[in-house]
Amino acid sequence: MTRDEIFARATDSTQYDSSTLDWPSEGSLPSPAMQPFRRSLRPELGDLSGKSVIDIGCGTGHLYTLFEELGARTVTGLEPSARNVAQARREFPKLALLHSSLADARPGAEFDVAVAVMSFEHQPDLRDAFRRVFGMLRPGGAFHLIFGDMAFHLTPRLGLRLESHEMPDGSIVIATGYPYGTIHDVIRPREHYERAARLEGFEIVRCVEMLPTPELFDVDPRWRDFASRPMAHLMVMRKPGR
Ligand SMILES: C[S@@+](CC[C@H](N)C(=O)[O-])C[C@H]1O[C@@H](n2cnc3c(N)ncnc32)[C@H](O)[C@@H]1O
């Protein structure tokens, strides 16, 4: 595929409805692949009592159980894939769902906490994406963003098929062939996220490296080769105010 074709596929919000991609098998609550995200988010989110939470690109909605356990008052999932929305509705009936891409969503500034896990890899314009999340938060609201590490995504690993191209701005577009199907992503250096977030008004609180967790070593011992290498980053930021 050309660079432009991978970019177009990566930012097509219906990618996860492809018949050749079995995301529900990878992205559901019991999947070992989801546990690193839950482990990283839990201590950073802390007590969510009384708070309204939105999960941007919520996939199968598996984070609902974490937000509920931490005391969230309401949880909303924003998700453009019809198949993921259907699965989330079936599994988590108390999760309010907005069937929409981030660019098409129109909520007001009604959330205390926004979370996005590996969904900014599908946003065509980072600044626009941060602007929209900023607009959804109340003053003082927090945004927890998990994004993939560039070196990790470019490294041959676990027998996966990789096809990548560099973009003029220093990001890469990559098609990764997993056993459950091919995912197309835009992977950006951490500085791109930090710059775009600040330009849209966020204060960055901290950025935490996410390492592989024991659940992954149990699935495939080759994960141990990556035990000390970040596979993603959790950036915590705040909308000023209050
Ligand atoms: C790698 S999956 C991650 C799903 C979920 N956050 C998780 O951790 O399991 C990426 C998700 O982003 C969603 N997505 C793709 N394009 C999007 C867009 N433009 N706006 C919001 N979500 C999007 C996909 O449909 C998919 O569910």
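Three strands make up an open, antiparallel sheet in the order β6-β7-β8, where strands are DSSP runs of E of at least two residues and helices are runs of H or I of at least four, both numbered from the N terminus, and two strands pair if DSSP finds at least two bridges between them. Because β6 and β8 (181-187) each have a single partner strand, they stand at the edges, and one side of each is left without a neighbour in the sheet. Neighbouring strands of this sheet are turned by 15° against each other on average, direction ignored; axes are lines fitted to C-alpha atoms, for helices over the stretch in contact, and angles run from 0 to 180 degrees between N-to-C directions. Strand β7 (residues 172-178) runs antiparallel to β6 and is joined to it by 6 bridges. In this pair, glutamate 166 stands opposite isoleucine 172 of β7.

The model is predicted: local features need pLDDT of at least 70 and side-chain atom pairs count only at pLDDT 80 or more, whereas totals for chains, interfaces and linings use all residues. Residues are numbered from 1 along each chain as its sequence is written.

Another open sheet has 7 strands in the order β3-β2-β1-β4-β5-β10-β9, with mixed pairing. Its edges are formed by β3 (96-99) and β9 (203-210), each with a single partner strand, so one side of each lacks a neighbour in the sheet. Strands β4 and β5 (residues 137-148) run parallel and are joined by 6 bridges, with alanine 116 opposite leucine 145 in β5. Helix α3 (residues 35-45) packs on the sheet and touches β4, β5, β9 and β10 (232-238), its direction making about 150° with that of β5; contact requires C-beta atoms, placed from the backbone, within 7 Å of each other. Helix α5 (residues 82-91) also packs on the sheet, touching β2 (74-79) and β3, and its direction makes about 170° with that of β3.

In total, the protein chain has 9 helices and 10 strands. Its radius of gyration is 17 Å, close to the 18 Å given by the globule rule for 242 residues, so the chain is as compact as a globular protein of that length. The radius is taken over C-alpha atoms, and the rule is 2.2 Å times the number of residues to the power 0.38. Along the principal axes, the C-alpha atoms fill a box of roughly 45 × 40 × 35 Å. Of the contacts in the chain with a separation of 6 or more, 67% are between residues 24 or more positions apart. Buried residues account for 37% of the 242; a residue is buried with 20 or more other C-beta atoms within 10 Å of its own, exposed with 12 or fewer, and partly exposed in between, C-beta atoms being placed from the backbone.

Most residues other than glycine have a negative phi. Methionine 118, in the loop between β4 (111-117) and α6 (126-136), has a positive phi near 55°. With 17 C-beta neighbours inside 10 Å, methionine 118 is partly exposed. Leucine 158 has a positive phi near 50° and lies in the loop between α7 (150-154) and β6 (161-166). Leucine 158 is partly exposed, with 14 other C-beta atoms within 10 Å.

Notes: Contact = placed C-beta atoms within 7 Å.
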